[in-house]
Amino acid sequence: MGKRDDLIAQYADDLKNKCGMTPDMDLLTKVTIGCGPAIYNADASTVAGSQPSELETVKDNFLIKKLGLKDGPELMDAINSVIETYGKSERNKYRAVIYYMLTKRFGKESVYS
């Protein structure tokens, strides 16, 4: 197993144990690959859930540009809800896990097919 496979296994573990959901491994793999080299960078691989600028970046670059959603208050509500599910006190909120949960939340799995 390569480094990416190890990370995907870690993300799946977070989804199961911290978020209480059974991950769709095929989708999780595609979302992880979609994150590109950011998953290997300690800072870029996580989302700072308490920084408004970071949440805006997730909204603009992922929800609007990648998933093709229209901007509106429900986008930030969804991001906050996903961070709540992950656990606000959780130090490492992995970008791939957040993106996976947002993809599922908006039913946008087709973006990765």
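Which residues of the largest nonpolar core touch the most other members? Out of 34 residues in that core, the answer is Tyr11, Leu63, Ile79, Val97, Ile98, Met101 and Leu102. A nonpolar core here is a set of buried Ala, Val, Leu, Ile, Met, Phe, Trp, Tyr and Cys residues joined through side-chain atoms within 4.5 Å, and buried means under 20% relative accessible area, with exposed being over 50% and partly exposed in between (1.4 Å probe, protein chains only). Two or more core residues come from each of α1 (3–17), α2 (25–34), α3 (52–66), α4 (73–86) and α5 (95–105). Helices are DSSP runs of H or I with at least four residues, numbered from the N terminus.

Before going further, a word on the model: it is predicted, local features need pLDDT of at least 70, side-chain atom pairs count only at pLDDT 80 or more, and totals for chains, interfaces and linings use all residues. Residues are numbered from 1 along each chain as its sequence is written, and side-chain values use heavy atoms, with hydrogens and water left out.

Let's start with α5. Of its 11 residues, 9 are buried, so the helix is largely enclosed by the rest of the structure. The buried ones are Arg95, Ala96, Val97, Ile98, Tyr99, Tyr100, Met101, Leu102 and Thr103, and they pack against α1, α2, α3 and α4. After the helix comes Gly107, with a positive phi near 60°.

Arg95 sits in this helix and has a relative accessible area of 13%, so it counts as buried. What does its side chain reach at 3.1 Å? That is the backbone oxygen of Thr46. The side chain of Arg95 also makes a polar contact of 2.7 Å with the side chain of Glu54. A polar contact is a pair of N or O atoms within 3.5 Å; within protein, one must be able to donate a hydrogen and the other to accept it, and residues adjacent in sequence count only if both atoms are side-chain atoms. Leaving out residues up to four places away in sequence, Arg95 touches Cys35, Ala44, Ser45, Thr46, Val47, Glu54 and Val58, where contact means heavy atoms within 4.5 Å.

Now for the helix pairs. The axes of α4 and α5 come within 10 Å and cross at roughly 125°; axes are lines fitted to C-alpha atoms, for helices over the stretch in contact, and angles run from 0 to 180 degrees between N-to-C directions. The two are therefore oblique to each other. On the α4 side the contact is made by Ala78, Ile79, Ser81, Val82, Ile83, Thr85 and Tyr86, and on the α5 side by Val97, Ile98, Met101, Leu102 and Arg105.

The axes of α3 and α4 also come within 10 Å, crossing at roughly 110°, which makes α3 roughly perpendicular to α4. For these labels, under 35 degrees is roughly parallel, over 145 roughly antiparallel, 65 to 115 roughly perpendicular and the rest oblique. Here Leu55, Glu56, Val58, Lys59, Leu63 and Ile64 of α3 meet Leu75, Met76, Ile79, Asn80 and Ile83 of α4. Beyond its neighbours within four places in sequence, Leu63 is in contact with Val58, Gly68, Leu69, Leu75, Ile79, Leu102 and Phe106.

Two more residues are worth a look. Asp14, in α1, is buried at 3% relative accessibility. Not counting residues up to four places away in sequence, Asp14 touches Cys19, Tyr86, Asn92, Tyr94 and Val97. Lys65, in α3, is exposed at 65% relative accessibility, and its side chain makes a polar contact of 3.3 Å with the side chain of Asn61.
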